[in-house]
Protein chains: 2
Amino acid sequence: MKAAILAVGTELLGTDRLDTNSLKLTAALERHGVELVRKAVVGDDEGEIAGEVGRLVEAFPLVLICGGLGPTADDVTRPAVARALGREIRIDEGLVAWLEERFRSFGMRMAAVNRRQAEVIDGAEVIPNPLGSAPGMRIDAGGATLFLFPGVPSELLGMVASHLEPWLAARSGGRRRESGVLKVAALAESTVEERIAPAYGEFGREAITVLSSPGEIRLQFWATGSDGERRDRLAAIATRLRGLVGPAVFTDDPEATLEQVVGDLLRERGATLATAESCTGGLVAERLTRVAGSSDYFLGGAVTYSNRLKSQLLGVSDELLREHGAVSEAVARAMARGARVAFGSDYAVAITGVAGPGGGGAEKPVGTVHLAVAGPAAAGGGGEAIDHREVHLPGDRQGVRRRSAQLALEMLRRRLLAVVAAAPAPAPGGAAR
Amino acid sequence: MKAAILAVGTELLGTDRLDTNSLKLTAALERHGVELVRKAVVGDDEGEIAGEVGRLVEAFPLVLICGGLGPTADDVTRPAVARALGREIRIDEGLVAWLEERFRSFGMRMAAVNRRQAEVIDGAEVIPNPLGSAPGMRIDAGGATLFLFPGVPSELLGMVASHLEPWLAARSGGRRRESGVLKVAALAESTVEERIAPAYGEFGREAITVLSSPGEIRLQFWATGSDGERRDRLAAIATRLRGLVGPAVFTDDPEATLEQVVGDLLRERGATLATAESCTGGLVAERLTRVAGSSDYFLGGAVTYSNRLKSQLLGVSDELLREHGAVSEAVARAMARGARVAFGSDYAVAITGVAGPGGGGAEKPVGTVHLAVAGPAAAGGGGEAIDHREVHLPGDRQGVRRRSAQLALEMLRRRLLAVVAAAPAPAPGGAAR
């Protein structure tokens, strides 16, 4: 089946807003194997909307329209669609009663303008909107089916789930399309492409998509068929991709962030963390603390922009700073060690680098970053082990900072993976929480 | 004049990407008083593109098309437009030579496929692309003018500036539309709306737009007419809005951020800054250090998530923490004072609060935040003055954190505004930089 999407709203034709509802509608279409062929945006103009709807129902068996179902004078999707289909509009008294009750439940009287939201196009099935006052509609017209949704994203999403998805499912014969995700940290896109190349041959080029953002790559893969077929095929692709990419895969949860995964590893191990940041200016700490409950394992951090603070807060010696410079392996290691001592944490990550645009030189150009992770030695017995990496990152100031923070979290994740999680019962004398 | 935009690219019909080029094209149209009536996205399908282009040139005097000008088989905008207009395509040998030279200058040989990018539709004016290998075109066809641009945003932007804007300017008779901006920190949208209401009456409802994001409001206002008329009117609206909104306006530079403005104030006063953050987890430090050159005034900060670190790093006494709790006026003040002492800065901002979703109680519900700014007393003589605010912020965890950081920067800005900037010559014995 082929489909088109029409978004209605003059605000979507300005310089500040884009139609993002279509992404949600597209996801629903993709899940059921429907191909989106075009999408368009028109303003709140009855003639424009009617013209576009007329063309779309001629050309497509499925037309999804969102926006313009509100109560005000510029909400004209209802009359425009009626005009395009040559149908009448009537007031549905059941809907009027529902709207009046809705306002009453909020302790308000319904304004007269809201009666417009009870207008129904002849032959339409009303789609209830539990979250707002704009009901939707489904209309069969000749060979085409139209869905009308409100433009408020949360309301639209609910109605897509309650009405569009079941309608699509009934027509796909259970052969849904479904996707899985693997997220990869701190590998170059070209490296990932190279590693997964065999999977393209095995599962088909179009079955796997690589989406890249600074420091993170999302592998999305698709399967069609019955429930069992999809599950088996997604599992097979995921297993193969994990085998090819290796331990850089940090999650198969589409919503999970690297800081959440690191936080879970710390919590499982009953371990605490501190940060010492120079060029990232607090970005690692800020990301860690975005996670609700991060106070379980994150004690705090130091942003030591000046050399004086590196000495004062983290005990990095003046001699070390003079001899090696603030951006150096020795200072990164000393910052990590110092943070661990000063904050009394089990682990500490440290970052010092040249984010630019100024401050670079021939020896340490912009993008030079030293990272260190300090923690207990694997052998136990109170010893300490510090990992170090020197990298040369591309990008502007914010790009270097983002990639650095991502790398630091990934180094910590790899380190924690090598440590066995604590037993479920709290270990006596364990780390202070 | 009325216009339509068509974006070409199958990737723009998926669930991950939106056509953002149209926002740049729309801005250019708005500057010259051209009304955008519709925009559409179609995939890399010659028939679909040709059909849409055919309809658009019938309906609109100006049609802007972007994407599909690359060298590969799925780049079909050139043949599609030629088909829609009933015109031939020829290879422009001058363009071939230019393309070959371009590849040579990168030390590469041009692949045969790239010859396609030298295809020109009969009657088209070629628009050079200094940043890429896809030239654009301008075509007059009957009553309509078409512009073809590549889909790469930086390349498109350059060609909009070099060719579309002059073409529009020549047709607008100098009566351009232009906008000014004022940015407002830490006021509620409803408060701003209430304050600026008189300006709607004086300049027209449509002349002023209010765009709100968490903790920040952007007032955008418009003027049409000759150069002089526009300048005078924008100045009049800006003066009136500043008078109505008051000192919460922090800049009239559309690109300036609050952290840049605060940084400039610190630099002008030869003053240094440190931060002490609990619930914001480093967000204020991270924002301050996004600004290139922030090491001129930002010394560093502490993220003190645990109470122990509040004592250890900032000298907040255990007694104070026990008596008032970590989220309290007393602790916020002590954190600011402690950061100023510990880091040796002229000013310090401190934030402690309940960002949620856990940790709230009846007395201190989620969203309760205490902010403090410590600095030299106005009278001089080495005294200290600490400002404090307690707020109750709406939103989820990240919303509370963003608003808190914004409020802290705004408190600091107000404090610095009350201090006279240093004389251009460095004051003897001034703060260490």
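**Reading helix packing, sheets and symmetry**

Me: In this predicted model, helices α9(A) and α13(A) are oblique to each other. At what angle do helix α9 (residues 283-290) of chain A and helix α13 (residues 397-417) of chain A pack, and how far apart are their axes?

Reply: In general, two packed helices are described by the angle between their axes and by the distance between those axes. Here, α9 and α13 of chain A pack at about 60°, and their axes are 9 Å apart. Because angles of 65 to 115 degrees count as roughly perpendicular and those under 35 as roughly parallel, this pair is called oblique. The crossing of α9(A) and α13(A) is right-handed.

Me: Which residues of α9(A) and α13(A) meet?

Reply: On the side of α9(A) they are L283(A), V284(A), R287(A) and L288(A), and these meet R401(A), R402(A), A405(A), Q406(A), A408(A) and L409(A) of α13(A).

Me: At what angle do helix α9 and helix α13 of chain B pack?

Reply: In chain B, α9 (residues 283-290) and α13 (residues 397-417) pack at an angle of about 60°, with 9 Å between their axes. That angle makes α9(B) oblique to α13(B), and the crossing of the two is right-handed. The contact involves L283(B), V284(B), R287(B) and L288(B) from α9(B), together with residues of α13(B) including R401(B), A405(B) and L409(B).

Me: What does α13(B) lie across?

Reply: Helix α13(B) lies across β13 (273-277), β15 (347-353), β16 (368-376) and β17 of chain B, and runs at about 25° to β16(B).

Me: In what order do the 10 strands of the open sheet stand?

Reply: As a general idea, the strands of a sheet pair through backbone hydrogen bonds, either parallel or antiparallel. In this open sheet the order is β17(A)-β16(A)-β15(A)-β13(A)-β14(A)-β14(B)-β13(B)-β15(B)-β16(B)-β17(B), and the pairing is mixed. The edges are formed by β17 (384-392) of chain A and β17 (384-392) of chain B, each of which pairs on one side only, while the twist from one strand to the next averages 10°. Looking at one pair in detail, β16 (residues 368-376) of chain A is joined to β17(A) in the antiparallel sense over 9 bridges, and V373(A) has D387(A) as its bridge partner in β17(A).

Me: What is the order of the open sheet of 4 strands in chain B?

Reply: Its order is β10-β11-β9-β12, with antiparallel pairing. Strands β10 (208-213) and β12 (249-251) of chain B stand at the edges with a single partner strand each, so one side of each has no neighbour in the sheet. Neighbouring strands here are turned against each other by 35° on average, direction ignored. Strand β10(B) is joined by 6 bridges to the antiparallel strand β11 (residues 216-225) of chain B, where F221(B) is the bridge partner of I208(B). Helix α7 (residues 227-245) of chain B lies across β9 (176-185), β10, β11 and β12 of that chain, and runs at about 150° to β11(B).

Me: Which rotation superposes chain A on chain B?

Reply: A rotation of 180°, with 0.2 Å of shift along its axis, superposes chain A on chain B with an RMSD of 0.3 Å. The two copies are thus related as by a two-fold rotation axis. Among the residues of chain A, A40(A) comes closest to that axis, its C-alpha lying at 2.0 Å. Since 100% of the interface residues of chain A are also interface residues in chain B, the copies meet through the same surface.

Note on methods:
Residues are numbered from 1 along each chain as its sequence is written. Chains are lettered from A and ligands numbered from 1 in the order in which they are written. This is a predicted model: local features need pLDDT of at least 70, side-chain atom pairs count only at pLDDT 80 or more; totals for chains, interfaces and linings use all residues. Side-chain values use heavy atoms; hydrogens and water are left out. Copies are superposed by least squares on the C-alpha atoms of residues with pLDDT of at least 70 in both. Contact means heavy atoms within 4.5 Å. Axes are lines fitted to C-alpha atoms, for helices over the stretch in contact, and angles run from 0 to 180 degrees between N-to-C directions. Angles under 35 degrees count as roughly parallel, over 145 as roughly antiparallel, 65 to 115 as roughly perpendicular and the rest as oblique. A crossing is left-handed if the near helix is turned anticlockwise from the far one by less than a right angle, and right-handed if clockwise. Two strands pair if DSSP finds at least two bridges between them.
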